Amino acid sequence: TRSGLHVPPSGGGGYAATVLAEPGLLAYWRKGEGSGSAMLDSGPSGLDGFYGGSVTLGVTGLLSGDPDTAVQYDGSSANAHVPSTGLMPTAAIAADMVVKPANVGQQSVLFTHANSAAGFGTDWVFFLYHDSSAKLGCFIFSGGSNAFAQSSGAVLSNGTIAHVGFTYDGADLNVLVAGSVVAHASFSGALNTAGPQNLMIGASL
């Protein structure tokens with residue numbers, strides 16, 4: 001599986017080459033490690049992170065024709081973190097990942113950047129998640145304000161591979177599945193950057 005943080009995507013070449021060629025790419029966590037606790041960034045910023053809780057490395061990958069392996073979370077304690085980076089854009093951002101949920105009834109964080117100790121607000125940047133009804137949603141934060149968009153119905157299912165993500169261009173928040181918008185909100189404001197923020201990829205709530 002893979003996770004990426006960028007501003008925003010384009011195409012071309014083989015899969016990894018396509019991701020790495022995206023203009024504005026900040027990080028690309030391929031999550032193909034076979035051992036250890038490090039989650040390595042293949043992107044230009046060297047934003048390596050680490051796995052926590054119970055994860056299984058080296059499981060069969062999700063991309064057809066790609067030999068890269070994946071990481072399996074236990075649905076309970078597993079998570080992955082990247083320490084505060086100082087590289088967050090403020091005007092526009094896109095983030096996406098390929099997932100294969102095993103239990104869509106378990107509400108989960110997919111991608112979030114926040115200082116969790118500060119509460120859900122001014123030290124948060126974004127929060128992509130799915131709820132216990134398999135709806136996909138995202139918050140983005142600007143000062144004390146936020147925008148929220150969530151799909152009207154279930155968009156994920158157990159055992160089915162999905163490419164999910166969001167984009168924000170300073171005016172519109174879009175939540176996407178397989179490149180199609182499933183939720184939208186209009187919002188204007190610079191994204192938060194203050195606080196000892198921590199990027200997290202995957203966790204159960």
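User: Where in the protein chain is confidence lowest, and where is it highest?

Analyst: This is a predicted model, and pLDDT is the predictor's confidence in each residue. In the protein chain, the lowest mean, 51, falls in strand S1 (residues 3-6), and the highest, 97, in S15. Residues 6-13 have a pLDDT below 50, and this stretch has 25 contacts in the model beyond near neighbours in sequence. The chain average is 85, with 85% of the residues scoring at least 70.

User: How many helices and strands does the protein chain have?

Analyst: The secondary structure comes to one helix and 17 strands. Of the 205 residues, 48% count as buried. Among contacts between residues at least 6 apart in sequence, 55% join residues at least 24 apart.

User: How should I read the two faces of a strand, and which residues of S8 lie on each side?

Analyst: In a regular strand the side chains alternate between the two faces of the sheet. In S8, one side carries Ile-93, Ala-95, Met-97 and Val-99, and the other carries Ala-94, Asp-96 and Val-98; all are buried. With seven of the seven residues of S8 (residues 93-99) buried, the strand is largely enclosed by the rest of the structure.

User: Which strand is S8 joined to, and do the two run parallel or antiparallel?

Analyst: S8 is joined to S13 by seven bridges, and the two run antiparallel.

User: Is S11 mostly covered or mostly open?

Analyst: Strand S11 (residues 136-142) is mostly covered, with seven of its seven residues buried. Leu-136, Cys-138, Ile-140 and Ser-142 point one way, while Gly-137, Phe-139 and Phe-141 point the other way.

User: What does S11 pair with?

Analyst: Strand S10 (residues 124-130) is joined to S11 by five antiparallel bridges, and His-130 has Leu-136 as its bridge partner in S11. S11 also pairs with S12 in the antiparallel sense, over six bridges. In that pairing, Phe-141 stands opposite Asn-146.

User: What lies by the backbone of Gly-143?

Analyst: A polar atom of the side chain of Asn-192 is 2.5 Å from the backbone nitrogen of Gly-143. Asn-192 sits in the loop between strand S15 (180-186) and strand S16 (198-200). Buried means under 20% relative accessible area, so Asn-192, at 8%, counts as buried.

User: Which residues is Ile-161 in contact with, neighbours in sequence aside?

Analyst: Leaving aside neighbours within four places, Ile-161 is in contact with Leu-62, Val-98, Val-99 and Lys-100. Ile-161 and Leu-62 are 99 residues apart in sequence, but their C-alpha atoms are 7.0 Å apart in space. Ile-161 lies in the loop between strand S12 (145-150) and strand S13 (162-168). Its relative accessible area is 43%, so Ile-161 is partly exposed.

User: Which members of the largest nonpolar core touch the most other members?

Analyst: That core has 40 residues, and those touching the most other members are Trp-29, Phe-111, Phe-126, Ile-140, Val-164 and Phe-166. A second, separate core has nine residues, including Phe-127, Tyr-129, Phe-139 and Ala-203.

Notes:
Residues numbered from 1 in each chain as written. Predicted model: local features only at pLDDT ≥ 70, side-chain atom pairs only at ≥ 80, totals over all residues. Heavy atoms only, no water. Helix = DSSP H or I, 4+ residues; strand = E, 2+ residues; numbered from the N terminus. Buried < 20%, exposed > 50% of the residue type's maximum accessible area, 1.4 Å probe, protein only. Polar contact = N/O pair within 3.5 Å; in protein donor to acceptor, adjacent residues only side chain to side chain. Contact = heavy atoms within 4.5 Å. pLDDT = per-residue confidence, 0-100. Pairing = 2+ DSSP bridges. Core = buried A, V, L, I, M, F, W, Y, C linked by side-chain atoms within 4.5 Å.
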